[in-house]
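Please read these notes beside the sequence and the model. They take up a few places one by one.

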Amino acid sequence: MKRLLNILFFIIITKSLSAQKPALDTSVYNKWPSIEEVQVSNDGQYVLYKIVQGTYFQGPRQFIKLVCVSDDKHWKKEFTSIQKGFMACRFSPDSRYAVLSLPHDSLQLLQLGTDRSVYFSDVHDWSSTGKKWIGYLQENSGQRGFVLYDFTTGDKQFFPGITAFKFTQDGKKLILQEKTEDEKSDGIALRIVDINKPAAVQTIWHGKHLGNIIYDTSHHQIAFETGKQGNKSIWYCNMNKDKSAEKLITENALKNISLLLGGIDRFSLLGDRLFIKLQEKLPAKISDPVALNVWSYKDHEVQNSSISQFGGNKSAKNYDAVIYLRDKRLVQLQKKDEFPFTIGLQFGENSDNTALATFSYPAPGVAVKHIQYLVSTKNGHKKVLPEQLTYSQLSPDEKYLVYFDRKKNSFFSYNIESGVFANISQTSFNNWYYDEPGYSVSFAPSGGYIAAWDNDSTAIVYSNYDIWLIDITGKSSPVCLTNLFGEKHHIRFNLLSDNRQLLRLENKATLILRAFNTETKDNGFYRINLSKPHGNPELLTMGPYIYDVSGDGSIYDGVNHPVIKAENKDVYLVRRQSAGEYPNLYVTSDFKQFQQITDLAPERQYNWYTTELLHWINADGVLSQGVLYKAENFDPHKKYPVIFYYYTSLSDNLHSYIFPQPSDGALNIPWYVSNGYLIFTPDIHHKGKSEYQYEEATHSIVSAAKYISKLPYVDSTKMGINGISWGGIQTNYFVTHTNLFAAACSASGLGDFFSQYNGADHGNFSQEGLAQINGPGKSIWQYPQWYLKNSPVMNAPKVTTPLLMMETTADGACPFDNAFELYNALRISGKKVWMLEYTNHSEADHGVWGKSSKDFDVRMQQFFGRYLKGEPAPVWMTKGIPVRMNGRTTGLEYDTTGAKP
């Protein structure tokens with residue numbers, strides 16, 4: 001009995017405390033803490049991180065402190081004053097020191113685990129390498145130079161006149177740039193220093209206008225650019241030979257092909273070639289030219305009004321080329337009269353003799369047409385690939401191309417030498433990729449996805465849930481490394497770190513996997529033993545949290561934090577979060593036991609939110625999911641207004657910790673929940689054909705609204721909707737096809753699919769292909785009735801829901817002119833509509849940030865407050881703001897005259 005009373009007392013006290021917490025207000029945006037620039041030492045024993053306040057996209061943030069702590073938390077140092085800039089603090093490679101950039105150009109060398117530090121003054125740049133070296137630029141008695149400092153002995157060597165430096169990645173060589181003076185002019189000397197023999201300095205070049213410097217993978221060779229545009233040269237030096245640098249090529253050598261030197265990219269893997277860029281030579285500008293754009297049917301890029309208004313694409317074209325170091329032979333991978341590759345050259349992991357190159361351009365029936373080539377980097381020969389290879393990947397040895405064919409639901413390989421295709425995923429299993437009726441659109445890294453390479457002939461790929469080893473030659477059947485455990489238990493498995501590098505599984509006894517349960521939304525980690533390919537994965541940890549869901553595109557921006565591994569030890573930094581738990585740092589070595597490093601909990605000071613996963617059957621008979629957000633002080637006996645927010649599949653965010661921040665166009669969920677709203681994020685379902693996507697999305701949202709409206713604590717007369725981008729387009733469609741909602745806010749959306757078809761975005765791409773993909777797959781002439789039926793502008797007279805539209809002048813995806821058509825149609829039809837046009841191009845594109853975001857955040861709150869909570873209307877809604885008053889009044893004050901919007 002006593003225990004029962006204690007429990008009841010605890011419940012009463014907890015509810016009382018929740019009721020007393022203040023609601024979130026806009027002032028918290030600049031105070032909410034974030035953990036950033038997280039690092040772990042190479043030995044895994046120490047962690048560095050910064051605490052800052054404010055949100056990333058909403059203006060300057062305030063630095064609070066830097067923390068360096070041991071993994072067992074027995075040793076800890078905090079710093080409240082460091083130099084501004086990214087990664088101003090780093091661990092030394094040998095994990096013995098933390099190097100901190102301090103204000104006033106000072107440097108602190110902190111010996112980890114102790115109270116001992118060494119300080120250096122007047123430091124302008126620094127870097128560390130190897131087990132004992134740190135290098136930095138310093139003013140020494142009025143003379144600027146470079147200091148090479150030995151961690152172990154404290155010895156220093158000063159190199160006067162040095163203005164820049166660079167360690168090779170292996171830490172054995174040091175490249176110095178020294179400012180020199182002679183009787184004629186100032187110049188630069190490029191010098192090489194052997195770290196182990198710092199007294200021996202080799203000068204390899206002397207001149208003016210030194211540019212980019214790179215070194216090869218063996219760290220024996222360097223290449224660099226000199227001169228200005230029109231008089232550039234590329235030089236090369238083998239640092240193991242006591243020779244000066246030699247000139248590889250000058251722009252004078254390119255006169256016969258009328259191109260310029262653009263710059264250097266990298267050495268080849270074998271170090272025998274240099275990949276460079278050549279640049280188109282534009283003619284001089286005409287004096288006092290006519291203001292004119294010439295439009296031609298042969299244009300690949302539509303020369304729309306964005307050329308003059310937003311800059312357009314006025315830069316010179318770049319072309320790829322290769323220089324052989326031995327004979328200085330130039331191989332052009334593209335000729336001047338060819339279109340430049342729009343996607344950078346892609347190579348195999350073990351070879352760069354062949355490159356996969358892509359040229360993309362708008363074309364009828366598709367958003368972008370891709371032409372892929374195989375390009376020999378030895379002689380420049382190009383081979384156009386069959387269309388089905390558009391999204392293929394090169395095998396490590398560049399003998400095969402591998403791709404996933406969604407229509408055939410299979411992986412295929414293409415033998416480059418023979419031109420033979422092979423189905424390499426033939427097995428009784430056929431659930432490789434979701435493309436079936438009722439599937440909710442998701443961007444998770446599963447299904448038809450190549451995760452990594454095991455060796456030259458074996459790839460690791462994903463099906464919808466599981467991980468497979470697949471023979472790209474097609475000689476052996478696929479092996480499921482997770483034993484179909486994911487398929488059976490609705491757990492989506494991914495490698496801990498998705499990459500397409502060689503894993504060399506023969507050297508690994510086990511692999512750590514990320515795991516996500518698509519039904520419960522639990523997240524965690526499993527392990528597979530590669531010596532037992534037919535065994536089930538071993539559970540390490542799984543729970544109602546988000547640890548790492550990298551690649552899941554449905555997760556809100558900024559929520560996920562990939563696991564960080566120590567370089568030389570199996571120690572990992574993870575963040576654990578839930579709807580009510582801040583994403584704090586933890587250290588683990590086995591993913592079973594976790595040592596908490598940080599303990600931030602700003603949400604405990606406010607009336608925060610809780611989440612609940614709801615299920616219902618939609619109008620198409622599909623089992624649907626959605627997340628209901630309720631406040632901590634939620635009272636089931638009250639009636640609440642509800643706002644629906646949607647963007648494909650959002651239910652994976654059940655355990656996401658959402659930072660309160662100004663709206664970029666999307667709903668600021670924490671603020672609305674804390675201030676008396678319910679928020680519901682239902683998944684949107686499709687049957688696979690884009691022709692019906694708007695009807696099906698309407699079925700999803702209407703069924704969700706009808707389901708929610710029957711809950712006893714929901715006020716069914718006060719339901720609102722909001723969406724941005726694709727969700728903004730859907731919002732504009734919803735208000736023209738249902739009258740269920742009392743208010744709607746669309747952001748960065750479209751209103752007229754007809755004009756979209758023949759329009760262009762500000763990137764100079766025609767939108768007709770995009771209109772077909774997002775529509776019926778046919779042109780406006782082939783299927784005009786679809787465009788008429790589905791364009792929101794054509795149904796403007798049917799609208800009964802007050803609509804707030806947020807658009808930006810410079811929207812590069814959903815052009816402002818298109819959205820304006822819907823606004824004007826509603827205005828002409830006498831409907832309640834407001835459009836906020838944000839015109840500052842530096843903080844408003846496809847969405848808003850900075851001051852524009854803070855302004856829109858308040859206006860959206862006022863809009864929903866008026867129609868869903870009966871609050872007074874602001875002046876901008878009752879009277880508007882005439883153009884002549886822009887910048888003179890905000891109209892945010894409430895109208896006290898009694899005028900109605």
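Buried here means under 20% relative accessible area, partly exposed is the range in between, and exposed is over 50% (1.4 Å probe, protein chains only). The model is predicted, with local features needing pLDDT of at least 70, side-chain atom pairs counting only at pLDDT 80 or more, and totals for chains, interfaces and linings using all residues. Residues are numbered from 1 along each chain as its sequence is written, and side-chain values use heavy atoms, with hydrogens and water left out.

1. Met877 belongs to helix α12 (residues 875–878); helices (H or I, at least four residues) and strands (E, at least two) are DSSP runs numbered from the N terminus. Met877 counts as buried because its relative accessibility is 4%. Beyond the neighbours within four places in sequence, Met877 has contacts (heavy atoms within 4.5 Å) with Trp834, Gln862, Phe863, Arg866, Tyr867 and Pro901. Val833 is 44 residues from Met877 in sequence, with 9.3 Å between the C-alpha atoms.

2. Gln334 sits in the loop between β24 (330–332) and β25 (343–346). Is Gln334 buried or exposed? Gln334 is buried, at a relative accessible area of 0%. A polar atom of the Gln334 side chain lies 2.7 Å from the backbone nitrogen of Asp320.

3. Helices α5 (residues 693–709) and α6 (residues 726–735) have axes, lines fitted to C-alpha atoms over the stretch in contact, that come within 10 Å and cross at roughly 80 degrees. α5 is therefore roughly perpendicular to α6 (65 to 115 degrees). Among the residues that meet are Tyr694 and Ile701 in α5 and Trp726 and Phe734 in α6.

How values were computed. Polar contact = N/O pair within 3.5 Å; in protein donor to acceptor, adjacent residues only side chain to side chain. Axes fitted to C-alpha atoms, helices over the stretch in contact; angles between N-to-C directions. Parallel < 35°, antiparallel > 145°, perpendicular 65-115°, else oblique.
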